[in-house]
Structures are given as structure tokens and as C-alpha cells.
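This briefing goes through one protein model by topic. Please keep the sequence and the structure in view while reading.

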Amino acid sequence: MPSLLGVFAHPDDESLLAGGVLAQHAAAHARTAVVTMTWAPDSPRAPELHDALRALGAGPPRMLGYGDARNERAAPGRPRLIDAPLEEVVAALVQQIRSFRPDIVVTHDALGQLTGHPDHRRTHQAALLAAQDAGLPHLHPEAGEPWQPRAVYCATHPESGVGELRPLLEAVGKAMLAVPDAYATTTVDVTPWLAQKWAAILAHRGEVARERPLPGILARLPEETRRAIIATEYFTRLATGPAPHGPRRLTA
């Protein structure tokens with residue numbers, strides 16, 4: 001199993017979007033870790049993130065501590081992720097990639113997941129740039145020795161895989177964004193690791209107790225319905241680094 005570094009916007013994104021894959025790789029003794037872009041290490045959500053990552057076998061939190069675009073309590077006194085200079089955010093992620101040296105980076109898709117959260121989209125942009133920059137020695141030399149991940153996998157939701165989620169999200173006034181099916185290049189049945197994934201989602205106790213966040217929505221569902229929603233994880237694979245067969249001519 002390849003090593004994985006998750007790069008996600010908020011505490012709970014890692015569990016909802018890639019908790020099964022993280023647990024799968026940890027169970028196979030692959031190295032796994034998660035970088036969380038927003039919320040400060042001394043915020044109320046930090047202990048919850050710690051418990052979630054422990055359930056997934058993904059090590060201690062790596063929190064960059066930027067502010068949440070929609071919650072001013074996330075990191076008082078710090079800039080919001082969407083307001084911070086992109087170059088600064090990319091440099092911070094390059095340091096994380098070069099430190100952990102993952103085979104694969106897992107992050108958000110270009111839509112910002114189902115609800116299009118601006119922090120998700122910003123994280124997607126920064127993670128793609130950092131995955132490329134990390135392998136180039138002339139970029140961010142202060143961030144450590146170069147390291148090139150083999151691929152970036154963007155957690156996504158294809159139109160045919162939304163299923164029960166659409167009415168649940170629309171019922172609480174949330175957007176419903178999905179990619180065309182052809183964009184989901186990788187589908188993973190995480191049923192064998194559902195216990196770990198669900199334990200990680202439940203660890204985000206503040207979100208479970210609320211009505212609109214997805215952990216709270218899932219917690220109120222019958223078990224059979226919930227399992228059907230969280231048992232499959234979808235990704236779009238993007239290659240990084242040099243082409244495996246050298247330069248080729250541009251073709252349509």
C-alpha cells in the first residue's frame with residue numbers, strides 16, 4: 001500500500017471524504033497522515049480531530065491554523081484561508097509534503113465537494129500546486145529536500161453516486177454539486193473499514209450535535225441508510241511530476 005497524506009480544509013473532512021481509504025491503508029501498515037488547513041491547534045475542534053485521526057490510524061493532527069471562511073471562532077487573530085496569500089499557503093503545504101514524503105496526496109476536488117465550500121476549493125488549489133512544487137528543488141528551498149508524490153487523488157462525488165445525499169442536503173438548504181461520472185476515475189468500497197470511518201466521524205462531536213453539518217445529518221439516519229451513503233469513496237486521479245515516457249507532442 002502506498003503512503004497517503006490527506007490535505008483537507010476542516011476537521012471532519014478527512015473522515016467524511018477519505019476516512020475509509022485512510023483506515024484501509026493504515027490497516028495495511030502504510031504510513032498515513034492528515035494536514036488540516038483551518039482551525040487552530042488550541043481550538044475546540046482540535047481534540048475532536050485528534051480522536052478522529054486516532055480512530056483512522058492517521059497519526060497526530062497537523063493543523064495549519066488558518067481561519068474558516070464561515071466561522072470566526074476557528075482561529076481568532078489569524079487570516080482566513082481564503083484571504084491568506086496563495087504562495088504562503090502553498091509553501092506551508094510543500095513543507096508538509098517534503099517532511100512526510102507521501103506516495104499519494106489526497107485532497108478536495110475542484111468543485112469543493114458537494115456544497116462548494118470556498119475553503120475546500122482553496123485547499124484543492126493549494127494542494128495541487130504544492131504537490132508539483134514539492135518535487136522541484138529550486139522552489140521553496142527552505143521547506144526541505146525535494147519530494148515528488150506520484151499522484152494526487154481528489155475526493156469527489158459523481159452524479160450517479162450522490163443517491164440519498166441529495167435530498168438530505170437540500171432539506172437543510174445546502175447546495176448539491178457533483179461531477180460528471182467520467183471524472184471519478186477511482187471508486188473504493190470501504191465497507192471493511194466502516195467501523196473505523198464511522199468512529200472517526202462521531203469523534204467530531206460538535207458537528208454531530210448540530211442539525212446542518214453532514215456528521216449530524218448522518219447520525220440521525222437509520223444505520224442501513226447511513227452505511228449505504230458512506231460505504232463508497234470516489235476520487236479523481238491526477239498525475240504529478242515528470243511524464244513517465246519523456247516529452248511528447250501536444251495532441252488534442
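Helix α6, residues 194-203, has as its buried residues Leu-194, Lys-197, Trp-198, Ala-200, Ile-201 and Ala-203, where buried stands for under 20% relative accessible area, exposed for over 50% and partly exposed for the range in between, with a 1.4 Å probe and protein chains only. These buried residues of α6 pack against α1, α2, α7, α8 (214-219), α9 (223-230) and β7 (232-239), a contact being heavy atoms within 4.5 Å. The model is predicted, and local features need pLDDT of at least 70, side-chain atom pairs count only at pLDDT 80 or more, and totals for chains, interfaces and linings use all residues. Residues are numbered from 1 along each chain as its sequence is written, and side-chain values use heavy atoms, with hydrogens and water left out.

- Val-208 belongs to helix α7, which covers residues 205-208, and Val-208 is partly exposed, with a relative accessible area of 21%.
- Leaving aside residues up to four places away in sequence, Val-208 touches Ile-201, Leu-202, Pro-215, Gly-216 and Ala-219.
- Between Val-208 and Glu-224 there are 18 Å in space, C-alpha to C-alpha, at a distance of 16 residues in sequence.
- Gln-24 is placed in helix α1 and is buried, with a relative accessible area of 15%.
- Gln-24 touches Met-1, Val-188 and Trp-193, again not counting residues up to four places away in sequence.

**Nonpolar cores**

- In soluble globular proteins, nonpolar side chains tend to be buried together.
- The largest nonpolar core has 46 residues, and Val-106, Leu-214, Leu-218 and Phe-235 are those with the most contacts inside it; such a core is a set of buried Ala, Val, Leu, Ile, Met, Phe, Trp, Tyr and Cys residues joined through side-chain atoms within 4.5 Å.
- Helix α1 (residues 13-27) gives the most to this core, contributing 6 residues.
- Val-106 touches Leu-4, Leu-5, Gly-6, Val-7, Phe-8, Ala-18, Tyr-153 and Phe-235 when residues up to four places away in sequence are not counted.
- A second, separate core of 24 residues has among its members Ala-33, Leu-93, Val-94 and Ile-97.

**Loop residues with positive phi**

- Trp-39, a residue other than glycine, has a positive phi near 75°; Trp-39 lies in the loop between β2 (32-38) and α2 (45-56), and at 2% relative accessibility Trp-39 counts as buried.
- Arg-101 is not a glycine, yet its phi is positive at about 60°; the loop between α3 (86-100) and β4 (104-108) holds Arg-101, which counts as partly exposed at 31% relative accessibility.

**The chain as a whole**

- The secondary structure comes to 9 helices and 7 strands, counted as DSSP runs (helices H or I of at least four residues, strands E of at least two) and numbered from the N terminus.
- The radius of gyration of the chain is 17 Å, close to the 18 Å that the globule rule gives for 252 residues, so the chain is as compact as a globular protein of that length; the radius is taken over C-alpha atoms, and the rule is 2.2 Å times the number of residues to the power 0.38.
- The C-alpha trace spans about 50 × 45 × 35 Å along its principal axes, and 53% of the 252 residues count as buried.
- Of the contacts with a separation of 6 or more, 76% come from residues 24 or more positions apart.
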